[in-house]
Amino acid sequence: MASQGEVRTFIIRTTKSPEALVSKARRVARENGAAFKGDMVVGGFSGGGIRGSYRIEDRTVRVTITEKFGLIPWSIVKSRIKEFFG
């Protein structure tokens with residue numbers, strides 16, 4: 001059962017360039033069978049029971065989760081986000 005009621009935003013501070021962040025996110029998505037579409041500023045992703053979008057500004061990535069499978073704990077979602085954009 002997918003949950004669309006709760007939206008959460010996570011802020012990730014990084015020292016990596018936007019190019020490096022997006023390159024890594026694309027690679028991790030491909031390796032995990034997830035969808036990733038975006039550029040060095042904005043984009044979206046889905047896979048592993050979550051769907052969301054991101055915005056990169058300076059050295060900060062703002063990730064908003066718009067949908068998640070109900071049984072996945074938010075702690076796991078946060079961990080997956082850090083894997084993508086960390």
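This briefing looks at a pair of helices, then at aromatic rings, and lastly at a residue in a strand. Keep in mind that the model is predicted.

**How two helices meet**

- Two packed helices are described by the angle between their axes and the distance between the axes.
- Here, helix H1 covers residues 18-31 and helix H2 covers residues 74-85.
- An angle of 65 to 115 degrees would count as roughly perpendicular, and one over 145 as roughly antiparallel. H1 and H2 are therefore oblique to each other.
- On the H1 side, the contact is made by Leu21, Lys24, Ala25, Val28 and Ala29. H2 brings Lys82, Glu83, Phe84 and Phe85 to this contact.
- Sorted by class, the contact of H1 with H2 has six nonpolar residues, three charged ones and no polar ones.

**Aromatic pairs**

- How many aromatic pairs does the structure hold? There are six aromatic pairs.
- One of them joins Phe10 and Trp74, whose ring centres are 6.2 Å apart. Their planes are at 40°, so this pair is tilted.
- Why does the pair of Phe10 and Trp74 tie together parts that are 64 residues apart in sequence? Phe10 lies in strand E2 (residues 8-13), while Trp74 lies in helix H2, so the pair links these two parts.
- Both Phe10 and Trp74 are buried.

- Are Phe84 and Phe85 buried or exposed? Buried means under 20% relative accessible area. Phe84 has 12% relative accessibility, so Phe84 counts as buried. Phe85 has 1%, so Phe85 counts as buried too.
- Ring pairs link Phe84 and Phe85 with Phe36, Phe45 and Tyr54 into a cluster.

**A residue in strand E6**

- Phe69 lies in strand E6, which spans residues 60-69.
- With a relative accessible area of 35%, Phe69 is partly exposed.
- Phe69 and Lys82 are 13 residues apart in sequence, and their C-alpha atoms are 18 Å apart in space.

How values were computed:
Residues numbered from 1 in each chain as written. Predicted model: local features only at pLDDT ≥ 70, side-chain atom pairs only at ≥ 80, totals over all residues. Heavy atoms only, no water. Axes fitted to C-alpha atoms, helices over the stretch in contact; angles between N-to-C directions. Helix = DSSP H or I, 4+ residues; strand = E, 2+ residues; numbered from the N terminus. Parallel < 35°, antiparallel > 145°, perpendicular 65-115°, else oblique. Contact = heavy atoms within 4.5 Å. Nonpolar A, V, L, I, M, F, W, Y, C, P; charged D, E, K, R; others polar. Phe/Tyr/Trp six-rings, centres within 6.5 Å; stacked < 30°, edge-to-face > 60°. Buried < 20%, exposed > 50% of the residue type's maximum accessible area, 1.4 Å probe, protein only.
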